[in-house]
Amino acid sequence: MIKIEMDVRAAAAVREALFSETKDYTYDPKSCPQRVVEIRNVINNIDEQIEQQINEVKAQITEAIENETVNS
């Protein structure tokens with residue numbers, strides 16, 4: 001397994017580049033090249049990790065707002 005660490009903006013840029021590269025291929029697994037299927041799996045993995053980061057930031061913002069409200 002290869003692990004690459006990057007910030008959310010870089011991940012979104014890589015995700016977009018991978019999507020652009022594969023957008024013209026069918027989603028039919030019988031006709032789609034294996035390389036494209038693997039790239040789409042990577043896209044899904046990136047999407048999941050971006051969503052996780054967004055949810056963590058949302059939770060931090062919500063907590064900060066709640067703390068600010070309690071301390072006011």
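Modeller: Here is a short walk through some features of this structure.

Modeller: This is a predicted model, in which local features need pLDDT of at least 70, side-chain atom pairs count only at pLDDT 80 or more, and totals for chains, interfaces and linings use all residues. Residues are numbered from 1 along each chain as its sequence is written, and side-chain values use heavy atoms, with hydrogens and water left out.

Colleague: Let us start with salt bridges. How many does a search of the whole structure find?

Modeller: A salt bridge is a side-chain nitrogen of Lys or Arg within 4 Å of a carboxyl oxygen of Asp or Glu. The search of the whole structure finds one. The side chains of Arg15 and Asp47 form a salt bridge, with 2.7 Å from N to O. This pair links distant parts of the chain, 32 residues apart: Arg15 is in helix H1 and Asp47 in helix H2. Helices here are DSSP runs (H or I, at least four residues), numbered from the N terminus.

Colleague: Are Arg15 and Asp47 buried, exposed or partly exposed?

Modeller: Buried means under 20% relative accessible area, exposed over 50%, and partly exposed in between (1.4 Å probe, protein chains only). Arg15 counts as partly exposed because its relative accessibility is 22%. Asp47 is also partly exposed, at 27%.

Colleague: What lies 2.9 Å from a polar atom of the Arg40 side chain?

Modeller: That is the backbone oxygen of Tyr25. As for contacts, the word means heavy atoms within 4.5 Å. Leaving aside neighbours within four places in sequence, Arg40 is in contact with Thr22, Tyr25, Thr26, Tyr27 and Cys32.

Colleague: Thr22 is among those contacts. Is Thr22 buried or exposed?

Modeller: Thr22 is buried, because its relative accessible area is 1%. Thr22 belongs to helix H1. Beyond neighbours within four places in sequence, Thr22 is in contact with Val36, Ile39, Arg40 and Ile43.

Colleague: Finally, which residues form a nonpolar patch on the surface?

Modeller: Patches are made of residues with over 30% relative accessible area and no salt bridge; like charges are joined within 9 Å, and nonpolar side chains (Val, Leu, Ile, Met, Phe, Trp, Tyr) within 5 Å. Here Ile2, Ile4, Met6 and Val14 form the nonpolar patch, with about 420 Å² of accessible area together. Such areas come from the Shrake-Rupley method with a 1.4 Å probe, and for residues only the protein chains shown count as cover. Ile4 lies in the segment before helix H1, residues 8-22, and counts as exposed because its relative accessibility is 64%.

Methods. A polar contact is a pair of N or O atoms within 3.5 Å; within protein, one must be able to donate a hydrogen and the other to accept it, and residues adjacent in sequence count only if both atoms are side-chain atoms. Helices (H or I, at least four residues) and strands (E, at least two) are DSSP runs, numbered from the N terminus.
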